[in-house]
Amino acid sequence: MRLKLDIDPDIVAMMAAEVAAGERAVTAAMREAGTGLKSAWRLQITSAGLGRRLANSIRSQNFPRSGESLDAAALVWSKAPVIVGAHDTGPLIRSKDGFWLAIPLPAAGKSTRGGRITPGEWERRRGLRLRFVYRRTGPSLLVAEGRLNTKGQAVVSRSKTGRGKVTAPIFLLVPQVKLPKRLDLARDAERAVDAVPGLVVANWVEARL
């Protein structure tokens, strides 16, 4: 017995059209999911008071970069993963040397590189020596003998009489710091993943209409 199978060209065309519609739907869905997750993470960061600059470190990329595919995907990441990750997990931070963490006070000013200034940089820039002050009932201190300028920062005193000279606390010294958890990135990621099937269906129906 011989069986002869003829495939209707119309059926082949319909199948090809359906695959193409699926490729468009999946690609569009992943693009929407990735863009939505990027926006959600950026909103979380700004709402937590962490600034627009850190929020803009959140980026997204669609794959494939051009064309459409049933295997389309979206990648969302941060260009500042250490900072964002720390605010997402709320870690316990200890000194890498096993001693103290130096927390700059207002009199310390800011680093020339941006962010927090270190005791070593502060001494080089100010031309003053820091002195350790142990406190039994609170954080120990690094202090300096000088005067406070108009910005409230400690600088060298030029007065020969000692007028205006103060002992200014420059750094707090603590053994460890618990960073508060200010973000919940996994929550938005789970919502984005859960939304993908609905986005695929919506884009597939829209493509067919």
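**Entry 1: the largest pocket**

I began with the largest pocket and found 30 residues in its lining, with Ile-83, His-87, Gly-114, Gly-115 and Arg-116 lying nearest its centre. This is a predicted model, in which local features need pLDDT of at least 70 and side-chain atom pairs count only at pLDDT 80 or more, while totals for chains, interfaces and linings use all residues. Residues are numbered from 1 along each chain as its sequence is written, and side-chain values use heavy atoms, with hydrogens and water left out.

I noted the pocket criterion: on a 1 Å grid over the protein atoms alone, a pocket is an open set of points where a 1.4 Å probe fits, with protein on both sides within 12 Å along at least five of seven lines, and lining residues have an atom within 4 Å of a point. The space in the largest pocket came to about 1100 Å³, a volume being the space filled by probe spheres set on the points, which are joined across faces, edges and corners.

I then looked up which elements contribute to this lining. Helix 2 (52–55), helix 3 (81–89) and strand 4 (101–104) each supply at least two residues; strand 4 gives the most, with four. Helices (H or I, at least four residues) and strands (E, at least two) are DSSP runs numbered from the N terminus. Domain 1 (13–90 + 181–207) and domain 2 (93–175) each provide at least three residues of the lining, with domain bounds taken from an automatic or database domain assignment.

By class I recorded 17 nonpolar, seven polar and six charged residues in the lining of the largest pocket. Here Ala, Val, Leu, Ile, Met, Phe, Trp, Tyr, Cys and Pro count as nonpolar, Asp, Glu, Lys and Arg as charged, and the others, Gly among them, as polar.

**Entry 2: the second largest pocket**

For the second largest pocket I read a volume of about 150 Å³. Its lining includes Met-30, Leu-37, Val-76 and Val-193. Helix 1 (9–47), strand 2 (73–78) and helix 5 (185–208) each supply at least two of the lining residues. The class division here is nine nonpolar, one polar and no charged.

**Entry 3: helix 3 and its end**

In helix 3, I found Val-84, Ala-86, His-87 and Asp-88 to be buried, the term meaning under 20% relative accessible area with a 1.4 Å probe and protein chains only. Just after helix 3, Gly-90 takes a positive phi of about 65°.

**Entry 4: Ala-55**

I placed Ala-55 in helix 2. Ala-55 counts as buried because its relative accessibility is 0%. Its C-alpha atom is separated by 5.5 Å from that of Ile-45, ten residues apart along the chain. Beyond residues up to four places away in sequence, Ala-55 touches Arg-42, Ile-45 and Thr-46, contact meaning heavy atoms within 4.5 Å.

**Entry 5: Asn-203**

Asn-203 lies in helix 5, and I listed Asn-203 as buried because its relative accessible area is 14%. The side chains of Asn-203 and Glu-32 are joined by a polar contact of 3.2 Å. Such a contact is a pair of N or O atoms within 3.5 Å; within protein, one must be able to donate a hydrogen and the other to accept it, and residues adjacent in sequence count only if both atoms are side-chain atoms. Setting aside neighbours within four places in sequence, Asn-203 is in contact with Ala-25, Ala-28, Ala-29 and Glu-32.

**Entry 6: the whole protein**

I counted five helices and nine strands in the protein. Of its 209 residues, 32% count as buried.

Key. Buried means under 20% relative accessible area, exposed over 50%, partly exposed in between (1.4 Å probe, protein chains only).
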